[in-house]
Amino acid sequence: ALLYVCALGAMDGAAEVAPIRFGETDHVLDVDFHPSAPLVAAALLSSDVEVYRYSTGGNARAFCCTTLTESVRSTRFSADGATLYACSRDKSIVGVNTETGEVSWHRKKGHKYPINSLMVLSETLFVSGDDEGIIKLWDTRTDQCVHGFNLHEDYIADFAFHSESGTLLSASGDGTLGVFDIGARKTIHRSEHQEDELLSVEIVKGGRKVITGQQDGVIGIWGWNDWGDVTDRFPGHPLSIDTLLPMDSDTVCTGSSDGIIRVVSILPNKLLGVLGDHDEFPVEKLARSHDGKYIGSCSHDSTVHFWDVEYLFAEASDDELDEDALAEAMADDGDDGESSGSDLDTDVQEQSGKRRRAQGASSSHAVPSEEFFDGF
């Protein structure tokens with residue numbers, strides 16, 4: 001059986017942060033934490049961006065942005081936390097002052113096509129990616145697009161950024177990984193086409209490796225500066241890997257469209273445990289709080305969940321995951337923790353695959369697709 005490692009944190013009776021629940025049709029498409037304050041932002045299908053102040057004593061709404069007119073697909077706090085950016089299916093990007101909750105910037109036609117992804121690169125730069133693969137670089141000092149990249153043929157699902165080298169990575173629905181030099185404003189490489197859509201991307205192993213989550217449930221492993229094709233494959237997730245979140249240089253949380261949040265090790269590739277689940281609703285996004293104590297997850301169950309992971313790092317140093325705690329729990333559960341890609345989650349029932357994120361995702365609890373996907 002799969003080990004739910006979140007049970008470890010509950011054993012000491014610590015107070016928990018309650019989930020934030022929205023309306024039944026307010027599916028949460030993205031979540032992000034403020035870089036220095038206990039604030040969390042949720043991007044909703046209803047076209048709103050809700051920001052809450054969270055604590056073990058209760059959650060309180062801070063403000064709500066209602067400027068966008070269609071589903072909000074991504075939201076990100078600026079590096080200093082002063083501004084919250086959000087992008088929408090209505091092709092616009094909005095910036096909100098996090099002190100006042102007032103809109104400080106609104107580009108109504110930020111892209112020609114619906115915008116799917118955002119990422120903040122620095123105090124003055126962020127990028128956006130749309131349904132047709134166009135990437136735009138924005139300078140917050142002028143509130144203008146300063147460069148565009150037209151490399152991909154399908155939607156931009158996710159970004160990762162290596163700040164030391166100024167290298168931007170893009171995962172696309174066309175099945176390729178894009179690599180860009182932001183300082184020089186140029187394209188470095190576009191990978192070979194993979195077997196399926198790339199839905200998520202992260203940098204691990206101290207910048208020596210890159211991982212991508214694919215629609216077929218495979219984690220692709222790439223060598224830095226070896227952008228032609230993957231150097232290793234980690235199969236085993238029964239459905240698509242929609243989001244990745246590094247816990248340390250070797251350990252990653254994965255969010256899948258089967259609703260399960262797993263903890264896995266990269267090289268060696270093995271399942272360490274399960275953090276939690278969203279009752280088979282697809283996990284859209286994982287994010288970590290500014291103090292590292294909580295992982296937030298969002299899904300089409302209209303909730304943002306908070307998973308306390310502080311205990312996993314309590315006995316470790318330098319923000320490294322305490323695998324001894326996981327190993328001890330595995331031993332208590334009768335599991336040796338050496339699950340490999342081939343048998344990762346054989347006890348999880350196969351479900352129908354996930355459609356491209358730009359159109360939405362279905363689950364066993366979703367309304368019929370003809371209605372459900374209309375709003376994405």
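Glu-24 sits in the loop between β1 (20-21) and β2. Strands (E, at least two residues) and helices (H or I, at least four) are DSSP runs, numbered from the N terminus. At 76% relative accessibility, Glu-24 is exposed; that label means over 50% relative accessible area, buried means under 20%, and partly exposed lies in between (1.4 Å probe, protein chains only). The C-alpha atoms of Glu-24 and Asp-301 are 7.5 Å apart, although 277 residues separate the two along the chain.

This is a predicted model, in which local features need pLDDT of at least 70, side-chain atom pairs count only at pLDDT 80 or more, and totals for chains, interfaces and linings use all residues. Residues are numbered from 1 along each chain as its sequence is written, and side-chain values use heavy atoms, with hydrogens and water left out.

**Whole chain**

- The chain holds three helices and 28 strands.
- Of its 376 residues, 60% are buried.
- Take the contacts (heavy atoms within 4.5 Å) between residues at least 6 apart in sequence: 47% of them join residues at least 24 apart.

**Asp-30 in β2**

- Asp-30 belongs to strand β2 (residues 28-33).
- Asp-30 is buried, at a relative accessible area of 0%.
- Its side chain makes a polar contact with the side chain of Ser-74 at 3.0 Å. A polar contact is a pair of N or O atoms within 3.5 Å; within protein, one must be able to donate a hydrogen and the other to accept it, and residues adjacent in sequence count only if both atoms are side-chain atoms.
- The Asp-30 side chain also reaches the backbone nitrogen of Thr-75, at 3.0 Å.
- Ala-287 is 257 residues away from Asp-30 along the chain, yet their C-alpha atoms are separated by 9.1 Å.

**Nonpolar cores**

- A nonpolar core is a set of buried Ala, Val, Leu, Ile, Met, Phe, Trp, Tyr and Cys residues joined through side-chain atoms within 4.5 Å.
- The largest core has 16 residues; Ile-20, Phe-22, Val-28, Val-40, Tyr-54, Val-304 and Phe-306 touch the most other members.
- Elements giving two or more residues to this core are β2, β3 (39-44), β27 (294-299) and β28 (303-308).
- A second, separate core of 15 residues includes Phe-63, Val-72, Phe-77 and Val-94.
- Tyr-54 touches residues including Val-17, Phe-33, His-290, Tyr-294 and Phe-306, leaving aside those up to four places away in sequence.
- In soluble globular proteins, nonpolar side chains tend to be buried together.

- Two strands pair if DSSP finds at least two bridges between them.
- Strand β11 (residues 125-130) pairs with β12 in the antiparallel sense over five bridges.
- Three residues lie between β11 and β12 in their hairpin, and Gly-133 in the turn has a positive phi of about 90°.
- Strand β12 (residues 134-139) and strand β13 (residues 144-150) run antiparallel, joined by six bridges.
- Four residues separate β12 and β13 in a hairpin, where Asp-143 in the turn has a positive phi of about 55°.
- Leu-137 in β12 stands opposite Val-127 and also opposite His-147 in β13.
- Ile-134 has Asn-150 in β13 as its bridge partner.

**The open sheet β14 to β17**

- Four strands form this open sheet, in the order β14-β15-β16-β17, with antiparallel pairing.
- β14 (156-162) and β17 (186-190) are the edges; each has a single partner strand, so one side of each lacks a neighbour in the sheet.
- The twist averages 25° from one strand to the next. Axes are lines fitted to C-alpha atoms, for helices over the stretch in contact, and angles run from 0 to 180 degrees between N-to-C directions.
- Six bridges pair β14 with strand β15 (residues 167-172) in the antiparallel sense.
- Asp-158 stands opposite Ala-171 in β15.

**Gln-214 in β19**

- Gln-214 lies in strand β19 (residues 209-214).
- Gln-214 is buried, with a relative accessible area of 0%.
- Not counting residues up to four places away in sequence, Gln-214 touches Gln-194, Asp-196, Glu-197, Leu-198, Leu-199, Arg-233, Ser-240 and Ile-241.
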